[in-house]
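I opened this notebook to keep track of what I looked up, one place in the chain after another. Each entry records what I asked and what I found.

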Amino acid sequence: MQSTPNINQFIPDTLTKLAYQGLQESKKIFSVAHNTIVDSITDIIVPERNGKTKPLSPATLAKLQERVQILQEIDWQDAQAGVYPSEVLFDNFWGDFFRYYPEVWLDLPKIWSRFQNKEYQKFDPEIEREGYPSYYLQNFHYQTDGYLSDLSANLYDLQVEILFNGSADAMRRRILKPLKQGLQAFSDIPTSQIRVLDVACGTGRTLRMIRAALPKANLFGTDLSPAYLRKANELLSEIPGELPQLLQGNGENLPYTDNYFHAITSVFLFHELPPNARQQVIEECYRMLQPGGTLVICDSMQVSDSPDFQTMMDNFSMMFHEPYYKHYTIDNIEERLAKAGFVDIRTKNHFVSKYWVAKK
Ligand SMILES: C[S@@+](CC[C@H](N)C(=O)[O-])C[C@H]1O[C@@H](n2cnc3c(N)ncnc32)[C@H](O)[C@@H]1O
């Protein structure tokens with residue numbers, strides 16, 4: 001007998017998908033409008049900032065549009081397949097959005113001034129700068145106080161969301177499927193004994209997603225910025241379940257014992273590291289992973305996998321202060337992973353991001 005589709009399931013799913021697509025579309029429209037207005041004002045005030053960038057061809061824009069649609073469809077399909085609950089698709093920082101959006105505008109004149117005066121390492125004198133690696137003491141993206149103030153931590157998620165036209169979380173969520181697949185190697189262990197670390201957890205958005213996908217696992221997050229960890233603590237405390245353990249530390253040298261974690265993730269870190277630090281973080285992840293454990297890295301696309309987007313990558317390093325990005329785009333991360341001892345190294349691309357999945 002032919003099975004009939006369950007209408008009660010079909011209608012909510014269709015509505016939920018429409019709601020998700022509507023949310024993504026509105027975030028995109030908002031971001032494009034914001035970026036267009038900011039670019040026009042920037043052209044008047046600091047014409048040299050956008051002056052050297054090249055416009056994207058209609059073919060590149062069409063390809064980007066296609067990639068973002070595919071990303072959304074995969075995001076939806078992974079939720080449908082149970083990789084994470086579909087509520088996660090709607091997890092947005094509305095409170096912070098309304099509270100801090102005006103600050104994004106108020107911060108712009110300071111960004112322009114730093115750009116004009118080539119001030120890449122400008123910090124409020126009150127900010128403690130002892131003990132950080134020198135490569136870290138930068139105004140990445142020209143942002144005020146780099147990663148070292150509460151203001152920066154409060155604006156960060158909003159700025160990233162606008163930069164990626166509302167797709168930043170959908171890109172972060174692409175680590176969840178390979179993470180859960182990797183953890184199947186430990187299916188004989190109760191989930192409550194599984195340990196997952198997010199290196200450079202920032203404000204904790206990735207940890208929020210991992211918590212939704214793995215409600216019982218022990219989660220750990222580490223970052224160099226005390227201000228971002230404070231923000232992560234605030235955002236992670238909102239969700240039920242055990243609070244992930246947060247620790248301030250350099251991903252190159254962390255105080256966890258060898259073989260401690262069953263999986264490690266890291267999102268949008270590697271393009272902000274100089275080459276030797278990239279290698280060191282990978283080796284540290286290898287040391288901390290159990291044999292059979294999985295490392296999942298998400299970061300920007302690279303020239304080798306996305307040659308059609310080379311202009312975008314060039315524009316990015318010209319418009320934002322990203323001193324290590326250019327080298328990152330041509331770095332061979334697979335080779336670095338293999339050098340550290342990782343095996344079964346796989347890569348994948350989604351929209352403007354790239355993923356590495358590797359086993360110890
Ligand atoms: C672009 S943000 C990404 C944050 C977060 N993973 C996300 O998905 O938004 C880069 C983060 O890396 C952190 N970071 C940079 N260098 C680091 C290092 N050597 N060790 C630990 N964290 C570092 C910064 O403090 C910042 O929070």
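The entries below go from the ground rules to helices, the ligand and single residues.

**Ground rules.** I noted that this is a predicted model, in which local features need pLDDT of at least 70, side-chain atom pairs count only at pLDDT 80 or more, and totals for chains, interfaces and linings use all residues. Residues are numbered from 1 along each chain as its sequence is written. Helices (H or I, at least four residues) and strands (E, at least two) are DSSP runs, numbered from the N terminus.

**Helix α13.** I looked up which residues of α13, residues 333-340, are buried, and found I333, R336 and L337. Buried means that 20 or more other C-beta atoms lie within 10 Å of a residue's own, exposed means 12 or fewer, and partly exposed is in between, with C-beta atoms placed from the backbone. Seen down the axis of α13, the buried residues fall within an arc of 100°, so they line one face of the helix; the arc is that of the directions from the helix axis to the C-beta atoms. Their cover includes α10 (275-288), β6 (343-350) and β7 (353-359). Just after α13, I noted that G341 has a positive phi of about 120°.

**Helices α4 and α5.** I then asked how α4 (residues 94-116) and α5 (residues 150-163) meet, and found that their axes come within 9 Å and cross at roughly 90°. Axes are lines fitted to C-alpha atoms, for helices over the stretch in contact, with angles from 0 to 180 degrees between N-to-C directions. The two helices, α4 and α5, are therefore roughly perpendicular, a label for angles of 65 to 115 degrees, while under 35 is roughly parallel, over 145 roughly antiparallel and the rest oblique. On the α4 side the contact includes F97, Y100 and Y101, and on the α5 side L155 and L158 are among the residues involved; contact means C-beta atoms, placed from the backbone, within 7 Å. By class, this contact of α4 with α5 has six nonpolar, two polar and four charged residues. Ala, Val, Leu, Ile, Met, Phe, Trp, Tyr, Cys and Pro count as nonpolar, Asp, Glu, Lys and Arg as charged, and the others, Gly among them, as polar.

**The ligand.** How many residues surround the ligand? I found 21, the closest being A200, G202, S225, G251 and V267, where near means a C-beta atom, placed from the backbone, within 6 Å. The shell has eleven nonpolar, five polar and five charged residues.

**Two buried residues.** I located G204 in the loop between β1 (195-199) and α8 (205-213), and it counts as buried with 27 C-beta neighbours inside 10 Å. Leaving aside neighbours within four places in sequence, G204 is in contact with G221, A232, L235 and L236. I264, in strand β4 (residues 261-267), is buried too, with 29 other C-beta atoms within 10 Å. Not counting residues up to four places away in sequence, I264 touches L197, V199, C285, M288, L289 and L295.

**Positive phi.** Most residues other than glycine have a negative phi. I noted D145, whose phi is near 65°, in the loop between α4 and α5; with 19 C-beta neighbours inside 10 Å, D145 counts as partly exposed. N259 has a positive phi of about 60° although it is not a glycine, and I found N259 in the loop between β3 (245-248) and β4.
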